[in-house]
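Visitor: I am new to this structure and would like to understand the words used for it. Could you show it to me and then take my questions in turn?

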Amino acid sequence: MSYRTEDIAYVQPAQSAANTPAAQQRTTADFRALDAAHHIHPFSDMGALNRSGSRVIVKAHGVYLWDSDGNKIIDGMAGLWCVNVGYGRKELADAAYRQMQELPYYNTFFKTTHPPIIELSALLAELAPEPFNHFFYCNSGSEGNDTVLRIVHQYWATQRRHSKKIVIARRNGYHGSTIAGATLGGMGYMHEQMPSKVENIVHIDQPYFFGEAESGQTPEEFALARAQQLEAKILEFGAENVAAFIGEPFQGAGGVIFPASTYWPEIQRICRKYDVLLVADEVIGGFGRTGEWFAHQHFGFEPDLITLAKGLTSGYVPMGAVGLHDRIATAIIDNGEFNHGLTYSGHPVAAAVAVANLRLLRDEKIVERVKTDTGPYFQKKLRETFANHPVVGEIAGAGLVAGVQLAEQPASRKRFANGGDVGTLCRDFCFNGNLIMRATGDRMLLSPPLVISREEIDEIVAKAKKAVDATARQLGLL
Ligand SMILES: *Cc1c(COP(=O)(O)O)cnc(C)c1O
């Protein structure tokens, strides 16, 4: 079936929850006052936010959001990298509504199961690469990575290799914000605020060519050297003590950092050589972002475990999962009780929404379209638009995800001394221009819904160009 925007069945905005009578009567000022009075936002300086006031998003449709002042905003980030099928799809709303009436909740502990989670597991096994046939469920990417640690530990216990405990991750990686997720992640500012960390987690450097390569190194040489830090780290602790390596195929929150092609094959070679499990955190990369169903397919490697969340339900309801390679699943299945689970593991409503979501991605050929049409178009358009721009150092990405590196001297890879401020400045120009584009330090990020059309891509890129131009002008560089 070919994909036509006019065929999409959308929910009627009038039925959406934001339009309850009480919500309709509140002004933006009312919303802000109540929000400031009672709501603590994630990753926010609440004092500063309450003084400036939040933007209140009241509805969404396709790739657009509307705020409480009636501004129409194009969402270049698919929410938080998750709304892969776009906003307002009736199939997902119907699936949730039907499932809530049929069986709103039942657990999957104590020898029970239910149809939605059975359907979802079978569908994931069909869509994931061949060796992934078993899935464990949770509610988020962070919980997925907690689960990964539990599975890795249990796996080595089943192999009677109890000394294998150390997990190697990367600086500037992002694996969520539970204690385990944030310990795995390499974000120093998060580590600073943690009461304690999970034991036996160590870090190597990231494959961030623009920011960290020596002059004279090619991207391929640099990526290979960064991968080889894994081997050095394994040897430092002894392979008999190292359980797993975890990485995002491309770093998302860290700035959409795409390693050169030499990176993942070398990581895989090292993991196999020293019998270290390879975990791909596919929370952003999964479900079509790069044009492949999973980002490890884009980079051509085969992990032992994959962490899933975000695009699994397109963010309509929370759900996370871990996919187990057959060789890991077999060991877990045949070796007694696995002492891990969450009240909402395999929640029936989330599962029903995930099934509806994955069917849309498959049957409307949305992932294929990212690979053959909108992805290449988006990448080309960005590269053409920012070629030789005075403050753009590189465009990284594939499919419908991209990082735009801001730099003081692009040619020599000289970054701004106050890169974070420059990124924030640029992000604020985007915001004022009704484009949602995120900044991580001095990199501007884009990750729009996968249903975006070419015209909508043009709109995003034009608005991004305006914001980057305004940033350069403010800095006196244009
Ligand atoms: C968002 C993210 C997570 C955490 O997922 P949550 O649902 O926020 O807990 C983990 N890993 C990656 C790569 C992510 O981007």
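Visitor: Why is Glu 408 called partly exposed?

Guide: In this predicted model, Glu 408 has a relative accessible area of 30%, and since buried means under 20% and exposed over 50%, with partly exposed in between (1.4 Å probe, protein chains only), Glu 408 is therefore partly exposed. Residues are numbered from 1 along each chain as its sequence is written, and local features need pLDDT of at least 70, side-chain atom pairs count only at pLDDT 80 or more, while totals for chains, interfaces and linings use all residues. Side-chain values use heavy atoms, with hydrogens and water left out.

Visitor: Where does Glu 408 lie, and which residues is it in contact with?

Guide: Glu 408 belongs to the loop between β12 (401–406) and α17 (419–432), where helices (H or I, at least four residues) and strands (E, at least two) are DSSP runs numbered from the N terminus. Contact means heavy atoms within 4.5 Å, and, leaving aside neighbours within four places in sequence, Glu 408 is in contact with Pro 390, Lys 414, Arg 415, Phe 416 and Ala 417.

Visitor: What makes strand β11 largely enclosed?

Guide: Five of the seven residues of β11 (residues 392–398) are buried, so the rest of the structure largely encloses this strand.

Visitor: How do you know that β11 and β12 pair?

Guide: Two strands pair if DSSP finds at least two bridges between them, and β11 and β12 have six bridges, in the antiparallel sense. Ala 398 stands opposite Val 401 in β12, and in the hairpin of these strands, which has two residues between them, Gly 399 takes a positive phi near 60°.

Visitor: What is meant by a nonpolar core, and which residues have the most contacts inside the largest one?

Guide: A nonpolar core is a set of buried Ala, Val, Leu, Ile, Met, Phe, Trp, Tyr and Cys residues joined through side-chain atoms within 4.5 Å. The largest has 107 residues, and those with the most contacts inside it are Leu 120, Phe 245 and Leu 358. Helix α15 (residues 348–363) gives the largest share of this core, eleven residues.

Visitor: Why does the radius of gyration of the protein chain agree with that of a compact globule?

Guide: The radius is taken over C-alpha atoms, and the globule rule is 2.2 Å times the number of residues to the power 0.38. For 478 residues, a compact globule would have a radius near 23 Å, and the protein chain has 22 Å, so the chain agrees with the rule.
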